[in-house]
Amino acid sequence: MPSGLINPPSSTVYVKNLEERIKIEQLKEALTEIFSEYGNVIDLVAKTNLKAKGQAFIVFDDSEAAGRAIKEVQGFELFDKPMVLDYAKTRSDATVLNDGNVDEFEAHKRRRLAEKERKQASEAVEAQKKLKRAATANGTDAAARPAKASRGTGLKSSNPAGGPVVPEEYLPPNKILFLQNLPDDYDVDSLTSIFGRFEGFREVRLVPGRKGIAFIEYEAEAGAISAKESTAGMTLGEEGKVIKVVYQRK
């Protein structure tokens, strides 16, 4: 393995320090032209979101081609910036699909999605902690202020310990899903017909006296991950209600 690399050999090359002001299509075209010289490129991923800017993944059909590319292209200037290359930490979707079968590919996607959501949950907790530390440093910690009466008599905080609360959208994977904004006329049978087709389905649980919400339980996280990925944002009922699907808070 070439010196200076961190990750073990794979068929995917990770590129960073790319010029962020270049349009994605122009960047992809330039990267394809460069890396195609070293082997068969089966996929190239470059994104526009803030965290992924300046980075790209080039997927070859074998690790030898990736190694040749890293050796030859390391430090090559593209749009006046030297590229920094390494092997990618994990196998790409294209590699798994190329090497395995559809079932293995779906399992890989579920694991990747679960890891992504765990990371988002962890980042959300850290962000909450930073905000709380900043508030404490400024003398505006919530504990030092008089309690507000706006909650109403008898209502309790969902976070009595006062620790960071992870937003629902970033809760880590769980085998139980929490559904919100359901049409009032949707019952157990209606929801089972939608969520029962995913691996390891166990049951639908409605909440007595509460319309518009339900819990869906699976035998393992894998089924819940697939269901959440496939149904989040789905529209149901005559009014076309957009349902909200999150993991149950533990």
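Select helix H1 (24–35) and display what covers its buried residues: E1, strand E2 (41–45), E3, H2, strand E4 (77–78) and E6 are included. Helices (H or I, at least four residues) and strands (E, at least two) are DSSP runs, numbered from the N terminus. The model is a predicted one, in which local features need pLDDT of at least 70 and side-chain atom pairs count only at pLDDT 80 or more, while totals for chains, interfaces and linings use all residues. Residues are numbered from 1 along each chain as its sequence is written, and side-chain values use heavy atoms, with hydrogens and water left out.

Remain on H1 and colour Ile24, Leu27, Ala30, Leu31, Ile34 and Phe35, its buried residues (buried is under 20% relative accessible area, exposed over 50%, partly exposed in between, with a 1.4 Å probe and protein chains only). Viewed down the axis of H1, these residues fall within an arc of 130 degrees, so they line one face of the helix; the arc is that of the directions from the helix axis to the C-beta atoms. Turn to the face directed away from the buried side to find the exposed Glu25, Glu29 and Glu33.

Next, select Leu31. Beyond its neighbours within four places in sequence, Leu31 is in contact with Leu18, Leu44, Ala56, Leu78 and Met83 (contact: heavy atoms within 4.5 Å). Leu31 is also one of the four residues, with Val13, Phe35 and Met83, that touch the most other members of the largest nonpolar core, which has 25 residues. Such a core is a set of buried Ala, Val, Leu, Ile, Met, Phe, Trp, Tyr and Cys residues joined through side-chain atoms within 4.5 Å. H1 gives the largest share of this core, six residues. Another core lies apart from it, with 19 residues, among them Ala214, Tyr218, Leu236 and Tyr247.

Proceed to the aromatic pairs, of which there are four. Rings of Phe, Tyr and Trp (its six-membered ring) pair if their centres lie within 6.5 Å; planes under 30 degrees apart count as stacked, over 60 as edge-to-face and the rest as tilted. Select Tyr14 and Phe57: their ring centres are 5.2 Å apart and their planes at 35 degrees, so the pair is tilted. Tyr14 belongs to strand E1 and Phe57 to strand E3, so this pair ties together parts 43 residues apart in sequence.

Finally, select Phe201 and Tyr218, an edge-to-face pair at 5.9 Å centre to centre with 70 degrees between the planes. Phe201 is partly exposed, at 22% relative accessible area, whereas Tyr218 is buried at 0%.
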